[in-house]
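Here are my notes for you, one point at a time. Keep the picture open while you read.

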Amino acid sequence: MNLSVQHATPAHGLASFDHPLDPLSAAEIARAVTTIRDHFAWGDDLRVETIDIDEPAKEVVRSHQPDDPVQRIARFKIYRRGVMGVWEGKIDLGAGKVVAQAFKPDARAMVAIEEVLLIEATVKADPRFQEALRRRGLLGELEYMCVDPWTVGNFGHAIENGRRVLNCFVWMRTFPLDNYYAHPVEGLHALVDLATLEILRVEDHFEASGDYIPVPRMPLNFDADVLTEFREPSALLDVVQPAGAGFTVVGNKVTWENWDFRVGFNGREGLVLYTIGYTHGGQRRPIVYRASIAELVVPYGTTERSHYHKNVFDHGELGFGRMANSLTLGCDCLGVIHYFDGVVPTLFGEARTIKNAVCLHEEDAGLSWKHFDVRTERTEVRRARRLVISSISTIGNYEYASYWYLHQDGRIEFEMKATGIINTAACRPGQPGRFGAEVAPGLVGHIHQHIFCARLDMEIDGPNNTVVECDTAALTPGPENPYGNAYAVEERVLPTEQAAQRNVDFDKMRYWKIINPERKNWVGRPTGYKLEAGSPVRPFIHPDSPSGRRARFIQHQLWVTPFNPDERYPAGEFVNQSTGDDGLATWSAQDRPVENTDVVLWHSFGLHHLPRPEDHPVQPCISCGFKLMPAGFFDQNPVIDLPRLRNEASCCACAAE
Ligand SMILES: [Cu+2]
């Protein structure tokens, strides 16, 4: 991962603003930091968690004209080295003034990559850690030890009270380029206080018994410089658009086919899409005001040793955007690509530009529609293409690749691909225990889930929407159902927040629609979109357990709240070592009305994952996601107007054909 700092250099894409929703540029982050430094006067003790755009009110955005002056407000979360708590506030960038501030004494800032990198050397220098290695006969390999700090959650352990801490897990290389996740040093942990970098405790789970689980030594690698055998490359497959890309990018605004939207990016959520609209019949129709993946939690299912701590929130504790990769042309992205950079602050308050953080390109999407008329023997067939907006984040051992797809027919689709390296532990060969699967001899992957939460701020045909649950039921055989075949969809408005906490129900083929009750289609029905929850996850962690409390959003696949600009993240604003008192469940307890108003949908979805041997040493992408499908939004098939074309570059594989 490239972590180099680039100072306030103008870059393409997200570097300068011309619209109220544009992300902060490097120059704006630099100005925010200067303002913070002057205001707080902490000198070198300033630590920055977050500086991003304070999104203006929707009325401002909706009425914005190209030459309107834009008031730029930055939100910040900062702390002072060695002091518990976080200051949050706002800066008027034009005036260069802090205009709001509040101190949250119990809040712990997110963990920064700069902190993670410092910890390894500190732990390895600790005599208690070295002594634990000596007991295992591993001290001679100290230089090959890899110390990964993990967030600890909140189990009420006295030693963690009032401190911002991380708990380390240990792996080792057996040679410099080796995949260390194949070699866990099981049962050895160091608890680090981030304020002082003090090692509070070195924990050796086998010290008392002396019965150590040995480090599995079999090399299992994926680096091309280590592997010796490769299959023959297949025939060339180039994605070529001789006339260039089909989309237009102006600043952060993208126009493609009938779609237009704005690209955003911030340190916590990473990629954000704003003001997604579809123009049809000369009229632009709004669909989604703002879409992002706002949280992710990975609850692990094992009680063993320190593994029960593993319940990481990769957005709220680490930041998806801050961990975004610089994407590589021809590797991550194939075809005719437009890149957007992302700009995030570093821990020390510099603007870091992540080059090529967001990729935009078109893909062939197979068949759009077809019909062969058997009487006239005429065929009408149209091919589809889709626009892909993507970003990839590396969080420790794992990669998450986010893909938003816009389809010509009005569908919006999200796909999360999970790849990278599963989190490993060591076991005695043949004895992975109850909570995991052996993926290689002596190497276990524990059962876990990856549960994401999409925040979908909807505006179907205007700001006021209603969410409707659609269940299918069979009629009781009898007078109403004389042939026993009858079944029908029954719709039910979800009127309040409590009533709108809903789960997938296979027995009812349940789905949800977001409708605009004031706009009707040509058959007199409200215009709407359907949420197709394609990857529901039934959580197994107890909702009132220490980790379950902090991740209540996973208990329902659907939540609906009235729009509130301060309700951004479903597990709460400050997630690191949180209690679970903030977030979706707390807000929704107010049971506010959500009918015919400005609503936000929260959709939990993800992956249920007992690792397979095939997931190691690096996991082929597994994916999950959801779809937003027009459902009575259009009066008829919106791609009936696709021109009849034939791809002239296509040819038959066999010359004789
Ligand atoms: Cu997994």
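1. Start at Ile91, which touches Ala32, Thr35, Ile36, Arg72, Ile73, Ala74, Phe76, Lys97, Val98 and Val99, leaving out residues up to four places away in sequence. Touching, or contact, means heavy atoms within 4.5 Å. Ile91 is buried, with a relative accessible area of 0%. Buried stands for under 20% relative accessible area, exposed for over 50%, and partly exposed for anything in between (1.4 Å probe, protein chains only).

2. A word on what you're looking at: this is a predicted model, where local features need pLDDT of at least 70 and side-chain atom pairs count only at pLDDT 80 or more, while totals for chains, interfaces and linings use all residues. Residues are numbered from 1 along each chain as its sequence is written, and side-chain values use heavy atoms, with hydrogens and water left out.

3. Where does Ile91 sit? Ile91 is found in strand S3, residues 86-92. Strands here are DSSP runs of E with at least two residues, helices are runs of H or I with at least four, and both are numbered from the N terminus.

4. Now the sheet: 4 strands form an open sheet in the order S1-S2-S3-S4, with antiparallel pairing. Strand S1 (46-53) and strand S4 (97-104) are the edge strands, each pairing on one side only. Two strands pair if DSSP finds at least two bridges between them; S3 and S4 have 7 bridges, in the antiparallel sense. Look for Gly89, which stands opposite Gln101 in S4.

5. Helix H1 (residues 26-40) lies across S1, strand S2 (73-80), S3 and S4, and runs at about 135° to S1. For such angles, axes are lines fitted to C-alpha atoms (for helices, over the stretch in contact), and the angle goes from 0 to 180 degrees between N-to-C directions.

6. Which residues touch the most other members of the largest nonpolar core? They are Phe261, Tyr400 and Trp404, in a core of 91 residues. A second, separate core has 21 residues, including Leu24, Trp42, Val48 and Ala351. A nonpolar core is a set of buried Ala, Val, Leu, Ile, Met, Phe, Trp, Tyr and Cys residues joined through side-chain atoms within 4.5 Å.

7. Zooming out, the chain has 7 helices and 30 strands. Of its 657 residues, 54% count as buried. The C-alpha atoms fill a box of roughly 80 × 65 × 60 Å, taken along the principal axes.
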